[in-house]
Amino acid sequence: QVQLVESGGGLVQTGGSLRLSCAASGSIGSFNTMGWYRLAPGKQRELVAVITNGDRENYADSVKGRFTVSRNNAKDTMYLQMNNLKLEDTAVYYCHCNTGPLWNRRDYWGQGTQVTVSS
């Protein structure tokens, strides 16, 4: 069982920056992937960024060049640096991880942290 706890959300003006953190209860170096998703009112959940255990990164087109995902294995924490925030980035951001071997993959989610971008 893995517990994920997000922090760092808040209210920011357009063009501003925030850094989200996701602290895991397990050793993230063993996780297959970790990522950030977001859910905005009236929209479907969207993958924002993912980082693999080989440190390969992928981003949604809408955040490329503005967001950066990273992780610190020693601290068992993943981060999402969000720069040049836009109104449409307003959402609840969820941390996710995928663990286990191919025959027993498991997904875990955090409780979410609200990011609100105002004009």
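Visitor: Which residues are linked in a network of salt bridges?

Guide: A salt bridge is a side-chain nitrogen of Lys or Arg within 4 Å of a carboxyl oxygen of Asp or Glu. Here Arg38, Glu46, Arg66 and Asp89 are linked in such a network. This is a predicted model: local features need pLDDT of at least 70, side-chain atom pairs count only at pLDDT 80 or more, and totals for chains, interfaces and linings use all residues. Residues are numbered from 1 along each chain as its sequence is written, and side-chain values use heavy atoms, with hydrogens and water left out.

Visitor: How many salt bridges does the structure hold?

Guide: It holds 5. Take Arg38 and Glu46: their side chains meet at 2.7 Å, N to O. Asp89 pairs with Arg66, and the closest N and O atoms are again given as 2.7 Å apart. Asp89 lies in the loop between β8 and β9, and Arg66 in the loop between β6 and β7, so this pair ties together parts that are 23 residues apart in sequence. Strands (E, at least two residues) and helices (H or I, at least four) are DSSP runs, numbered from the N terminus.

Visitor: Are Arg38 and Glu46 buried or partly exposed?

Guide: Buried means under 20% relative accessible area, exposed over 50%, and partly exposed in between (1.4 Å probe, protein chains only). Arg38 has 6%, so Arg38 is buried. Glu46 has 28%, so Glu46 is partly exposed. Asp89 and Arg66 are both buried.

Visitor: What does Arg71 form a salt bridge with?

Guide: With Asp55, at 3.4 Å between the closest N and O atoms. Arg71 is in strand β7 and Asp55 in the loop between β5 and β6 (57-59), so the pair ties together parts 16 residues apart in sequence. Arg71 is buried at 14%. Asp55 is partly exposed at 47%.

Visitor: Where is Asp76, and how far away is the nearest side chain of opposite charge?

Guide: For charge, Lys and Arg count as positive and Asp and Glu as negative; His and the chain ends are not counted. Asp76 sits in the loop between β7 and β8. Asp76 is buried yet has no salt bridge, and the nearest side chain of opposite charge, Arg71, is 8.8 Å away. A polar atom of the Asp76 side chain does lie 3.1 Å from the backbone nitrogen of Ile28. Contact means heavy atoms within 4.5 Å. Beyond four places in sequence, the contacts of Asp76 include Cys22, Gly26 and Ile28.

Visitor: Which cysteines form a disulfide?

Guide: A disulfide is a covalent bond between the sulfur atoms of two cysteines. The rule used here is a pair of cysteine sulfur atoms within 2.5 Å. The count comes to 1 disulfide. Cys22 and Cys95 form it, with sulfur atoms 1.9 Å apart. The pair links distant parts of the chain: Cys22 is in strand β3 and Cys95 in strand β9, 73 residues apart. Both are buried. The torsion about their S-S bond is about -70°, so the disulfide is left-handed.

Visitor: Which residues touch the most other members of the largest nonpolar core?

Guide: A nonpolar core is a set of buried Ala, Val, Leu, Ile, Met, Phe, Trp, Tyr and Cys residues joined through side-chain atoms within 4.5 Å. The largest has 30 residues, and Leu4, Met34, Trp36, Leu80, Met82 and Tyr93 touch the most other members. Elements giving two or more residues include β3 (18-24), β4 (33-39) and β9 (91-99). Beyond four places in sequence, Met82 contacts residues including Leu18, Phe67, Tyr93 and Val115.

Key:
A polar contact is a pair of N or O atoms within 3.5 Å; within protein, one must be able to donate a hydrogen and the other to accept it, and residues adjacent in sequence count only if both atoms are side-chain atoms.
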